[in-house]
Amino acid sequence: MNILITGSTSGIGLAAAKEFLIRGHNVIINGGHNKKAMEIAKMALTADTISTQEDFDAGFGKGTITPIMADVSDSAQVEAMFKELDHKGLLPDILVNNAGISHIGLLQDMSDEEWNHILSTNLTSVFNCCRAAIPHMLGKGQGTILNVSSMWGSVGASCEVAYSATKGAVNTFTKALSKELAPSHIQVNAVAFGVVNTRMNAFLDEEDMADLIDDIPVGSMCSPEEAGLIVYKLTKLPMYVTGQIIGADGGYI
């Protein structure tokens, strides 16, 4: 089975790629700009081998890794990426729209360029990749799309208005597209993560981080590894679970 995970050179995307890889899937990892990060990600995944007979008996195995550079906010680059995947016989059976950025600051201080950048990265990328992936899934009569969202898409966050707006749009996009594709047996869901321990939270100092963790009922941030496993498991749900925004926030909201 072929899996395309956008924005998968680090964080949640990279951890999810590992989960699919060790289970024998063909994983396409994607990055938009940083070739060095892509090389490091591929080396990290290559090093994660399954070495025991017990693992193999449990159904674990080593899949294939295909790195591909494309800025998924750019429709022309997405089109070129899917043409390349088609040529390689790697059109995705599962699409995980993970690419995303945050923006911290007052809305009144946000520039047009910053607004357009976060909108294209977090929302337009989802449109571009879904539009490109759907014809293949329709042809097979099945498919899975999982959009990586945020709890702030449901309730909003102060000083993250643009980010919250894009994730709220992703949630509504998910619900609408699921209705469109359910008759064709294509599942569409979103996972609304809470605080995941990635570089997206690097702006927080030690005291702010401690205060934030105190507010999370489970008492910790979600690790990238936990998030990656959540992504994997949500793509394996029965078809009847579609159009859902599934919370993974440690009970925060």
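## Helices α1 and α9

Helices α1 and α9 are oblique to each other, since in this predicted model helix α1 (residues 11–21) and helix α9 (residues 224–234) pack at an angle of about 60 degrees, with their axes 7 Å apart. The crossing in which α1 passes α9 is right-handed.

On the α1 side, the contact is made by Gly 11, Ile 12, Ala 15, Ala 16, Glu 19 and Phe 20, and these residues meet Pro 224, Glu 225, Ala 227, Gly 228, Leu 229, Val 231 and Tyr 232 of α9. Sorted by class, the residues in the contact of α1 with α9 comprise 9 nonpolar, 2 polar and 2 charged.

## Helices α5 and α7

A second pair is formed by helix α5 (residues 112–140) and helix α7 (residues 161–181), whose axes come within 9 Å and cross at roughly 15 degrees. Because angles under 35 degrees count as roughly parallel, α5 is described as roughly parallel to α7. The crossing of α5 and α7 is right-handed.

From α5, the residues that take part in the contact are Trp 115, Ile 118, Leu 119, Asn 122, Leu 123, Val 126, Phe 127, Cys 130 and Ile 134, while α7 contributes Ala 162, Tyr 163, Thr 166, Lys 167, Ala 169, Val 170, Phe 173, Leu 177 and Leu 181. The contact of α5 with α7 has 15 nonpolar residues, together with 2 polar and 1 charged.

## The cavity

By the rule applied here, the count comes to 1 cavity of 30 Å³ or more, and about 40 Å³ of space lies in the largest cavity. Its lining consists of His 103, Gly 105, Leu 106, Leu 107, Met 110, Cys 159, Glu 160, Val 161, Ala 162 and Tyr 163. Ala 162 and Tyr 163, which belong to this lining, are also among the α7 residues that meet α5. By class, the lining of the largest cavity divides into 7 nonpolar, 2 polar and 1 charged residues.

## The second largest pocket

The second largest pocket holds about 190 Å³ of space and is lined by 13 residues. Lying nearest the centre of this pocket are Met 1, Gln 142, Gly 143, Thr 144 and Thr 235. The residues of the lining of the second largest pocket comprise 4 nonpolar, 6 polar and 3 charged.

How values were computed:
Residues are numbered from 1 along each chain as its sequence is written. This is a predicted model: local features need pLDDT of at least 70, side-chain atom pairs count only at pLDDT 80 or more; totals for chains, interfaces and linings use all residues. Side-chain values use heavy atoms; hydrogens and water are left out. On a 1 Å grid over the protein atoms alone, a cavity is a set of points where a 1.4 Å probe fits but cannot get out, and a pocket is an open set with protein on both sides within 12 Å along at least five of seven lines; lining residues have an atom within 4 Å of a point. Grid points are joined across faces, edges and corners, and a volume is the space filled by probe spheres set on the points. Ala, Val, Leu, Ile, Met, Phe, Trp, Tyr, Cys and Pro count as nonpolar, Asp, Glu, Lys and Arg as charged, and the others, Gly among them, as polar. Axes are lines fitted to C-alpha atoms, for helices over the stretch in contact, and angles run from 0 to 180 degrees between N-to-C directions. Helices (H or I, at least four residues) and strands (E, at least two) are DSSP runs, numbered from the N terminus. Angles under 35 degrees count as roughly parallel, over 145 as roughly antiparallel, 65 to 115 as roughly perpendicular and the rest as oblique. A crossing is left-handed if the near helix is turned anticlockwise from the far one by less than a right angle, and right-handed if clockwise. Contact means heavy atoms within 4.5 Å.
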